[in-house]
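Dear colleague,

Please find below the structure that I am handing over to you, followed by a short account of what was found in it.

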Amino acid sequence: MTIEVTIRNAENGSNLNMELEPHTTIEDIIEGAAEFWHKEAGAYVLRRGKKLLKGQSTVMDAGLKNEDVLELIPDPEGG
Amino acid sequence: MPAKITSWNESRPRERPPPLEDRVSNHRWFTEKMNTVYRENRDFLPLYVQRIAEEKMRNHALEGMRRSHEVMGLMMGGRFEWQGREYALTRDVVTTELEASEYHVRFDHDALEGLFESLDDLDFDYSIVGWYHSHPGIGCFMSDTDISTQEGAFNMAHHSALVLDPVRREMEAYCLRDGKVVIRPMGIYWDLHQDPYRG
C-alpha cells in the first residue's frame, strides 16, 4: 500500500509531497527531493522529528506513515 | 524504487525591511576585503548576522582552536525581500558533536539527533541560510571541499558560507555567483537596546 508524505526543504521552507511504496528507500526519497531542488543528494540527510532516517532503510523499516512530515537537512563537509 | 512527486509549493521570501543602519556594523575580525565590500554595500547588505549568533560562531571557533580542530555549524534564520531586493538574516546557529581534525570537519552522524533537537528548540520559523566553519591558523578562504559543499547544498542566492580563523582573528563570508565563489557583503546587527558598543 502506498503512503503520501511531505518533504520540507529546511533551506527555504518549500514543501513537496511524495507517494511512496513500502520498499522505497530513504536514499530514493533523498535523491528524488534533491533532484527536484537541484541539489547534490549526498550532501543531505533526512529526519522525522528527532530521528535520523538511515539511507538504506525502507519506508516499511523506518515505520513511515501516511501524512508524515520529513525534513531535508544539509550535511556539510568543511576542509 | 523511485519516489513519486505528486505536488509541491515553493516558498517566497517574506517582505520585511532590513535592520536599521544604526543597528548594523562591521566586525573587528573582518578582513580588509570584508570591510571594503561592507562599506560599498552598507545601505543594503545581502547577509545580516545577529550579534549573538556571531558571538556563538566565534566562541565555537575559539573553543576548537584550543584543540587545533576545525568546527562547524548551520546558520539559521530566514530570507526576506525589501523593495525588490533579497537578503538573509542569520538569527541563530546550531551545531552538534563533530568529526573534526586540523583540516577537516563534518557532523558526527551519531550525534545528528542533538542537531535536530536544537532545530526544534528554535523559537522562529527557520530556514537554513548557510553554514560556518573554522580554519584555525590557515586564514579565510574556500577550499575545494568547502566549494563542493557550497555547490551541493548551499547553491541558492540567499546561501552563504562563513569562514573564521580564530588564530588570526579573521572572518570572511562567501557565496556562489554564476558558479564562482565570491566574497559576500555582510553586517552584524543587533536588536533594539542591545547595542554591543554602548553602555
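The largest nonpolar core has 79 residues, of which Ile7(A), Leu64(A), Leu74(B) and Met186(B) touch the most other members. A nonpolar core here is a set of buried Ala, Val, Leu, Ile, Met, Phe, Trp, Tyr and Cys residues joined through side-chain atoms within 4.5 Å, buried being under 20% relative accessible area (1.4 Å probe, protein chains only).

This is a predicted model: local features need pLDDT of at least 70, side-chain atom pairs count only at pLDDT 80 or more, and totals for chains, interfaces and linings use all residues. Residues are numbered from 1 along each chain as its sequence is written, chains are lettered from A and ligands numbered from 1 in the order in which they are written, and side-chain values use heavy atoms, with hydrogens and water left out.

Leaving aside residues up to four places away in sequence, Ile7(A) touches, among others, Leu16(A), Ile29(A), Trp37(A) and Leu72(A).

Turning to the interface, 46 residues of chain B are in contact (heavy atoms within 4.5 Å) with 40 residues of chain A. The area buried between the two chains (accessible area, 1.4 Å probe, lost on putting them together and summed over both) is about 3,600 Å², and carbon and sulfur atoms give 50% of this area.

Six salt bridges (a side-chain nitrogen of Lys or Arg within 4 Å of a carboxyl oxygen of Asp or Glu) are found across the interface of chain B and chain A. Glu19(A) and Lys4(B) meet through their side chains in a salt bridge, at 3.9 Å from N to O.

Yours sincerely

Methods
Buried means under 20% relative accessible area, exposed over 50%, partly exposed in between (1.4 Å probe, protein chains only).
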